Amino acid sequence: MPIAPSADMIGAMASSLDTRIPPLLLTLLVGMLMATCAWAFPSAGFHLPARWWIGMAVGLAGAGVMVAAALRFRRQGTTLDPRDPGKSQLIVSDGVFAFTRNPMYLGMALILLGWALALSSVVALVWVPLFVLYIDRWQIQPEERMLSERFGQPYLDYLSRVRRWL
């Protein structure tokens, strides 16, 4: 007779998965899944004039947001590794961080959106919100919990001033 897991067991399993997959690797994997789906389901394609140019523009915008965020982190001397937010030295709240708390993840989502547009595939496009939902739950929420513990009220004030995505 199977035993249903308790809420504590589920919480422990979930927290053991938090922040474990490097987001750049996840972005690459999702991009490959998108291409595979576009190839496997060609009938789910749509017509988009200049699809490669539009996709490239959206993807480059995403890359630009990521670079701007990485440069702010470097200038402030804090870690870029999202798998261990406990290594953060300070709250970066200026530059692109004044508009979104997660410009690097926003940039990754824009890159994937650009890729889906370039592929002109509805099935590929479905992966973008799935990526956002995954990153939000398994990466951003654990980061915010750890950063709230580390920085306290100044970080909570930042959370109340700036949106998670846009």
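Biologist: Which residues does Ser88 touch, not counting residues up to four places away in sequence?
Modeller: In this predicted model, Ser88 touches Thr78, Thr79, Leu147, Arg150 and Phe151, where contact means heavy atoms within 4.5 Å.

Biologist: Where is Ser88 placed, and is Ser88 buried or exposed?
Modeller: Ser88 is in the loop between H3 and H4. Ser88 counts as buried because its relative accessibility is 11%; buried means under 20% relative accessible area, exposed over 50% and partly exposed in between, with a 1.4 Å probe and protein chains only. Helices here are DSSP runs of H or I with at least four residues, numbered from the N terminus.

Biologist: What ground rules apply to the model?
Modeller: Residues are numbered from 1 along each chain as its sequence is written, and side-chain values use heavy atoms, with hydrogens and water left out. As the model is predicted, local features need pLDDT of at least 70 and side-chain atom pairs count only at pLDDT 80 or more, whereas totals for chains, interfaces and linings use all residues.

Biologist: Which element has the lowest mean pLDDT, and which the highest?
Modeller: Helix H1 (residues 7–17) has the lowest, 46, and helix H4 (residues 103–119) the highest, 98; pLDDT is the predictor's confidence in each residue, from 0 to 100. The mean for the protein is 89. Over residues 1–14, pLDDT stays under 50.

Biologist: How do the axes of H3 and H4 cross?
Modeller: The axes of helix H3 (residues 51–76) and H4 come within 7 Å and cross at roughly 165 degrees. H3 is therefore roughly antiparallel to H4. Axes are lines fitted to C-alpha atoms, for helices over the stretch in contact, and angles run from 0 to 180 degrees between N-to-C directions. Angles under 35 degrees count as roughly parallel, over 145 as roughly antiparallel, 65 to 115 as roughly perpendicular and the rest as oblique.

Biologist: And what about H5 and H6?
Modeller: The axes of helix H5 (residues 122–151) and helix H6 (residues 153–161) come within 6 Å and cross at roughly 135 degrees, so these two helices are oblique to each other. Residues of H5 including Leu147 and Phe151 take part in the contact with H6.

Biologist: Changing topic, what is the phi of Ser120?
Modeller: Ser120 has a positive phi of about 50 degrees, although it is not a glycine. Ser120 lies in the loop between H4 and H5 and counts as buried, at 5% relative accessibility.
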